[in-house]
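Me: I have a structure open and would like to learn how to read its features. Could you take me through a few of them?

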Amino acid sequence: MGVSGTSGSEDFAFISMQVPPVMLALAAGHPEDGFCYPQHHPMVGFDEKALSTVCAVYAYMAMRRSEENRFLELILVKSGVM
């Protein structure tokens with residue numbers, strides 16, 4: 001890590017070699033409400049009412065993974081931070 005000019009996929013690949021990965025893609029909005037473009041489209045929009053739910057899902061998964069595998073400690077040790 002610490003390498004500039006790389007995409008997120010390289011970071012995800014590096015971390016995935018250290019711990020079992022989890023990847024989520026959560027949509028936020030319904031086409032009938034005007035949210036009709038997919039992620040990564042220049043016109044994409046997100047219903048901000050979904051943010052609290054999405055944040056809760058990511059926080060829950062991070063806490064579960066941390067409890068089960070202590071992955072954060074492993075990453076910090078492997079990267080030389082600890």
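Me: Does proline 38 count as buried or exposed?

Reply: Buried means under 20% relative accessible area, exposed over 50%, and partly exposed in between (1.4 Å probe, protein chains only). Proline 38 has 52% relative accessibility, so it counts as exposed. This is a predicted model, where local features need pLDDT of at least 70, side-chain atom pairs count only at pLDDT 80 or more, and totals for chains, interfaces and linings use all residues. Residues are numbered from 1 along each chain as its sequence is written, and side-chain values use heavy atoms, with hydrogens and water left out.

Me: Where is proline 38 placed?

Reply: Helices (H or I, at least four residues) and strands (E, at least two) are DSSP runs, numbered from the N terminus. Proline 38 lies in the loop between helix H1 (8-18) and H2. Its C-alpha is 8.2 Å from that of alanine 27, 11 residues apart in sequence.

Me: How many helices and strands does the protein chain have?

Reply: There are 3 helices and 0 strands in the protein chain, giving the pattern α-α-α along the sequence.

Me: What share of the protein chain's residues counts as buried?

Reply: By the cut-off above, 6% of the 82 residues in the protein chain are buried.

Me: And where is methionine 61 found?

Reply: Methionine 61 sits in helix H2 (residues 51-69). Its relative accessible area is 31%, so methionine 61 is partly exposed.
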